[in-house]
Amino acid sequence: MVAAGTAVLTAAPAAAESSTEIAASSWAYIDSAVPKASFVDQAGDAPVGAHTYAGGTNHVSKSYVTFDLSAVRGNRLQSAYVSTGETAVTDCANARSTELWLTAPAKKPTWNTQPAELLKVNGPYLDSSCPSDRLTWTATAAIQNALDAGRTTATFVLRLPEDQLSDPEFGREYDPKAKLFLNYDRPPAKPTGLKVTYQACTAKPLVVSRQVVLGADVTDPDDDYPGTEFAFWPADHPDQRTTLAGTGLTWVEITSRVSEGVTYAWQARGKDDSGLFGPWSATCKFTTDFTAPKAEPAITSPDYTAEAPPGSGGTGVPGTFVFDAKGDTDVVGFKWDGGYAAADRRGGKATVRYAPTWNGPVSISATPVDAAGNQGPTGSYRFWVADNQPGVTCTPFDDYVGVTRTCTFTPYGTTPVTGYVYHLTNQPDETVPAGPDGTATVTVTPSDPQLGYVQVAVRSRLATGYLTAEHSTELISEPGEPEVEQLTANPTQSLPVQFRVHAVLPGSVSFTYHWNQEDLITVPLDADGTAIVTVTPATSSYGSLYGYTTTASGVQSGWGGLNVPVASNKPKVTSAEYPEGQTSGAVGTPGTFVFSSPVPGAVSYTYDFGAGVHGTVPAGPDGTASVVFTPTQSYINGISVTTKFADGTTSEQGGYTFYVAYSSPRLACDATGWSVAPGQHIQCTLSPVQANLAAYGYRVDSGPETTLAPGPDGTATFGFDVPADRNSGSYVQLRAWSTNTAGTRSDEAGTSFYVYVNTGASARGTATAV
């Protein structure tokens, strides 16, 4: 171990170390002026070197400190330090040179009988402060010297070198309460809990087979996980001792290192991280046996001898069975269906009692086992168990849940019956005694409406105390689900819907239901077993009303009910000008859209045609409202609309889609063929399609828009020249439209002309603009 050192100079102990701090057990100083005196444990400080006292007398001193080493004896020393502080210094200008020596033992040293100074200690460590409150010397070798010499204490002397010893300029004083700091390693403890293949060692050698594993419990005062070393040898040949390191710290497998039929002795000891061993454990012994019994046992029974119906005994009737090793002295017992049975002697027999749990053909098996646990071949014995399960009849066989049935249990077989143990499906066992004739009558009441069939299972309690195998019968338990009738035609969201409930389970007094899995509600039933239930659907699509009835005694029926379609309360949209899903009208042609609600109480309608056209209109006295909408784009158009009711609620959103016909003017041009030439004049005519026509417009390529007034017949004619610089292979784009009196622009009509330049001929003639 290591005595604890100063906090500044001593490193923390390693994982497998302990530390301690030892104060000086005594101190003394000697004085050259009083050569025969010993000043032990005096009050004051420890003088070192020369001091001049009153009257000019010069005294030279050495001081001794002694430490008790009992804490470290028997352990491995790692390091040691001695530490104390200066209490007075004559002149700090003089370098510190105080020496520390291990001395021979000295209880009362004097100047004339100074103990031998055996070993100089390294130090003190440099310290710039003066006086220093803590000086430290490394004393590992000195403490080990004292331990090796068998000493129980260590004495050190504080002194100055010979050339300074008598010079008062170098005198100093020290704190006599010096401390010894020790770091040391304690060995692991003696192992306990010795085991062979997981069995605790005994005074008699254990017999093992197949696998040999040695294990021990090892602890170390300095290490939570010490290692382990194992040694084993043939018990009569200790010279063949083999040593192995433990696997997993506390166990080792030696199966491949041992031989058949040999008794071995073994020990274990702990080993810490630094390699320090603890003491060897006690000796444990084991004997190897790797050979299993060779023959299967013979099995007989005086009670169960029949091999065919009607058999013998019965379920729950115990019989005696004998396992015979037939003289194989390797066999000490038998492993059988009921556990383990020891033989009456090696190679002898074992007798067991066994009560069959089912009738018909049954077999029992046994395996011979030797002292090492080796198992031989298995033998079996086949016999027929007589039928002795009780009979059970119940009436009525078919009835509603909650109706009590009467069941009679009757014995079967030759063994007297004292009672019966019975239960219904999913219910605990109940017991009833048998009457003088061996029968018993009980009443049972099926109470679970989810079980259409209920099983009544019963076992006989024999006079021997055993129970027979179970016999059962089934009863029909009608759940009596209520019938639910829809009274309201065409249920609609937000409107009350009525149902009539008809109880089927006799004696029902209430109906408990939920609408769409909402909270359960219970209502009473009339004397005729009916009730009217009203619900108000909060959503459309489908709704479900399901529930059960309950009798006055608390019996519940099965669940009954129905699913109904629920129409939406969204508003209906109609339009004469723009029928839903049809193509009609035109861009710029207004249409009237009428809103109506399938549910009374509409106060307004909020609509949205898209493209920023939305709003809210109040409902009239008849609950309807209308808006006029003029489409600004052709093809698909739509509207979404909701209803607000007087109670502040809002309907589901309704939708309406309609298609606006294209309204572009008809465009016809006189360009012949598919291509045109640069500079060619093209003449075109526009015919009206849009109602309330006010003007036409057209554009060539990306040029400016040109407006035309229609003639009396509603048409307009215009012409344009193909740009003379247009390259062959390019296109000329023409777009035309109309505008009505409201300023709404129609869809565009368009065409394109392919420009082709014939380089084989020269252009002739002139172009005239129209």
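Modeller: Start with the disulfide: a pair of cysteine sulfur atoms within 2.5 Å. The disulfides of the protein chain here follow the pattern 1-2, 3-4, 5-6, 7-8, with bonded cysteines counted along the chain. This is a predicted model, where local features need pLDDT of at least 70, side-chain atom pairs count only at pLDDT 80 or more, and totals for chains, interfaces and linings use all residues. Residues are numbered from 1 along each chain as its sequence is written, and side-chain values use heavy atoms, with hydrogens and water left out.

Colleague: How many disulfides does the structure hold?

Modeller: In general, a disulfide is a covalent bond between the sulfur atoms of two cysteines. This structure holds four. One of them joins cysteine 92 and cysteine 130, with sulfur atoms 2.0 Å apart.

Colleague: Which parts does the pair of cysteine 92 and cysteine 130 tie together?

Modeller: Strands (E, at least two residues) and helices (H or I, at least four) are DSSP runs, numbered from the N terminus. Cysteine 92 sits in the loop between β8 (86–89) and β9, and cysteine 130 in the loop between β10 and β11 (135–138), so the bond ties together parts 38 residues apart in sequence.

Colleague: What is the handedness of the disulfide of cysteine 92 and cysteine 130?

Modeller: Left-handed, because the torsion about its S-S bond is about -85°. For cysteine 394 and cysteine 407 the torsion is about 115°, so that disulfide is right-handed.

Colleague: Is cysteine 407 buried or exposed?

Modeller: Buried means under 20% relative accessible area, exposed over 50%, partly exposed in between (1.4 Å probe, protein chains only). Cysteine 407 is buried at 0%, and cysteine 394 is buried at 12%. Cysteine 92, at 41%, is partly exposed.

Colleague: Now the charge pairs. How many salt bridges does a search of the whole structure find?

Modeller: Side chains of opposite charge can pair when their charged atoms come close. A salt bridge is a side-chain nitrogen of Lys or Arg within 4 Å of a carboxyl oxygen of Asp or Glu. The search finds 17. Among them, glutamate 99 meets lysine 120 at 3.5 Å, N to O. Glutamate 99 lies in strand β9 (residues 99–103) and lysine 120 in strand β10 (residues 117–121), so this pair links parts 21 residues apart in sequence.

Colleague: Is glutamate 99 buried or exposed?

Modeller: Glutamate 99 is buried, at 13%. Lysine 120 is partly exposed, at 44%.
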